[in-house]
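Please consult the sequence and the structure shown here before reading on.

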Amino acid sequence: MTNEAAAHEPSLENLLHENRSFPPSAEFAAQANGTPDLYADARADRLAFWSRQATELVSWRKPFTEVLDWSQAPVARWFADGTLNACWNAVDRHVVAGHGDRVAIHFEGEPGDTRTLTYADLQREVSRAANALAALGVHTGDRVVIYLPMIPEAVIAMLACARLGAPHSLVFGGFSADALRSRIDDAGARLVITADGGYRRGAATALKPAVDDALAPRDGVESTVEHVLVVRRTGQETAMAEHRDVWWHEATEVADVQHEPVWVEAEHPLFILYTSGTTGKPKGILHTTGGYLTQAAYTHRYVFDLKPETDVYWCTADVGWVTGHTYVTYGPLVNGATQVMYEGTPDTPHQGRWWEIVEKYKVSILYTAPTAIRTCMKWGSEVPAKFDLSSLRVLGSVGEPINPEAWMWYRRVIGGDRCPVVDTWWQTETGAIMISPLPGVTHAKPGSAQVPLPGIVADVIDDEGKPVPDGGGGYLVLTEPWPAMLRGIWGDLERFKDTYWSRFPDIYFAGDGAKKDEDGDVWLLGRVDDVMNVSGHRLSTTEIESALVSHDAVAEAAVVGALDETTGQAVVAFVILRGEAAAALEATGGDQDAIVAQLRDHVGKQIGPIAKPKRILVVPELPKTRSGKIMRRLLRDVAENRAVGDATTLADASVMALISTGLNKPK
Ligand code: 6R9
């Protein structure tokens, strides 16, 4: 065994001990969309398989004749000579097929107001909006920035852009005016769609002032934006710039309810979505129409076992993130699903709000993130227990590795030990789910995304680019092009090649570390930049976090590698305690020594002495981005006793102060 291989040992061992497995019930398997044949079909002829998905799940104006053109790699062209319209696929064709009365969106506002939009309603609204946009000078190919809260107009606005063939670029409502301006500039947007404000945590918060700020001349330079469409959501006092700003309701009221979609080529840009990379400048990830829609619809249908006539689907992601694009707007609507859309936070006005919504709408498919699941664990199982969750039948997870303990809690407490849990791995760049169990087919393992979907080819390779054997660890890569893959970084082809295709020539490197277990199933280990090296041993932050969260006293944990003179890096853990343990700590006047010793031992037992955190700090909160990812960089600053760096992308900027105060609490 080489030293490199030996270095993988401690962490590998731990995950290989996770041997719980949940086979699908016969009942579920009998009715499932997914079958083992799907894998066989895709393996037999991958391109024919994708051609079939594109034909069965998407409607084409002009059918395609060529499936994949990879001659300009790494820029793929899928179904390139076909024409279609994304909005037509998501809306009109369901009305034409006689499903106009089916509910598309059950909207639940945070204050408790509700709206129901059928597919026929949606058709009317998107047509009006498309006419209004056209009247404001938006043409096919123009970019439109959308900066809205989680209200139906966000989906309507996206679809109206798609109807015109005008690529949209959503900027999450929590981003600052500066972030908004840099995205507007980079995309060269002609129009911004926003709202007066939205409801969050029981209060109306303004959005429009950030747009005004973003559009003000910067260093004397005007923005590219000509008009701002403003949705009235909260009714708060809103300044409107003459000649520039237009109320959404005024513009759409007078607009015609008929609109002929613009038929575009399959490779016509559908959207640009900015995501942060390892460097400062956000990358505008570019997605096109035909391939993206195909994989969005395909994954939504098979991974969630969607039955559009009977299911009520709910994805809790904000439309400002890729999960909201693919699994709130495009996937579900292209499949003709009925879905719930919720505006607010899970604990407003009480910690059972989500479960109340599941009960109210009889949600059958729920798709959320591990950070939300762990937060609910922290609030306690008695909260969801008060609600009838028996309508649920499939549970999904996305965004980060899910700790086996959180997976088990999700399955048991939310899913009543009845619902398959699908841990779905993918990225803004991949456009749609890539690695996930199939409910009704896969024997699920807590904490593993397991297998590439039929039609997807992924592998785990070592530093030299060689596939690791089962039981080995390395880098997750995608070795064949896939329909929903990014087509580039907006305006920067070189950066696209450099970022994703240069580490291993001609292979897409996702930036994630992964392992293959003895069955060949894939376990995601977090970004490779989160992998620590302690005394030459490779340790995963995720793995140690999982070990900590598996202790009764711990609700959430974040682990960082802090520079250490002797060991290179040292493991430093930040933990949030569960209610009872936190109360016990309080009772001892905040003396952390006993609990810290227990937790260190626990990690030692779970993974091995090498993984024992050098320091464990009990904190009241963890710093998270608005998409729920822990900002380890800031924790590293704390762990290395540095001034805390730029915290402007935190969801809650006060968290770092809380952490520091907690640390300084006298014993
Ligand atoms: C969809 C989304 C992508 C990164 C990705 C990885 C992490 C997402 C995961 C997961 C382990 C999963 N990630 N899903 N890690 N298991 N099921 O989150 O896109 O915001 O671009 O993030 O998120 O590290 O590389 P995005």
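The model is predicted: local features need pLDDT of at least 70 and side-chain atom pairs count only at pLDDT 80 or more, while totals for chains, interfaces and linings use all residues. Residues are numbered from 1 along each chain as its sequence is written, and side-chain values use heavy atoms, with hydrogens and water left out.

**Ligand site**

The ligand is surrounded by 16 residues, and Asp-423, Thr-424, Thr-428, Asp-512 and Arg-527 are the closest; a residue is near a molecule if one of its heavy atoms lies within 4 Å of it. By class, this shell holds six nonpolar, five polar and five charged residues; Ala, Val, Leu, Ile, Met, Phe, Trp, Tyr, Cys and Pro count as nonpolar, Asp, Glu, Lys and Arg as charged, and the others, Gly among them, as polar. At least two shell residues come from each of α12 (322-334), β20 (421-424) and β25 (522-527). Helices (H or I, at least four residues) and strands (E, at least two) are DSSP runs, numbered from the N terminus.

| Protein atom | Ligand atom | Distance |
|---|---|---|
| Thr-428, polar side-chain atom | oxygen | 2.6 Å |
| Gly-399, polar backbone atom | nitrogen | 3.1 Å |
| Pro-401, polar backbone atom | nitrogen | 3.4 Å |

Of the 530 Å² of accessible area that the ligand has on its own, the protein covers 91% (Shrake-Rupley method, 1.4 Å probe).

**Sheet**

Strand β20 also belongs to an open sheet of seven strands with mixed pairing, in the order β5-β4-β17-β16-β18-β19-β20. β5 (114-118) and β20 are the edge strands, each pairing on one side only; two strands pair if DSSP finds at least two bridges between them. On average, neighbouring strands are turned by 20° against each other, direction ignored. Within this sheet, β16 (residues 312-315) and β17 (residues 338-342) run parallel and are joined by three bridges; Tyr-313 has Gln-339 in β17 as its bridge partner.

Helix α7 (residues 152-164) packs on the sheet and touches β4 (103-108), β5 and β17, contact meaning heavy atoms within 4.5 Å. The direction of α7 makes about 30° with that of β5; axes are lines fitted to C-alpha atoms, for helices over the stretch in contact, and angles run from 0 to 180 degrees between N-to-C directions.

**Backbone features**

A cis peptide bond joins Thr-348 and Pro-349, with omega about -5°, and Pro-349 lies in the loop between β17 and α13 (353-361).

Conventions: Polar contact = N/O pair within 3.5 Å; in protein donor to acceptor, adjacent residues only side chain to side chain.
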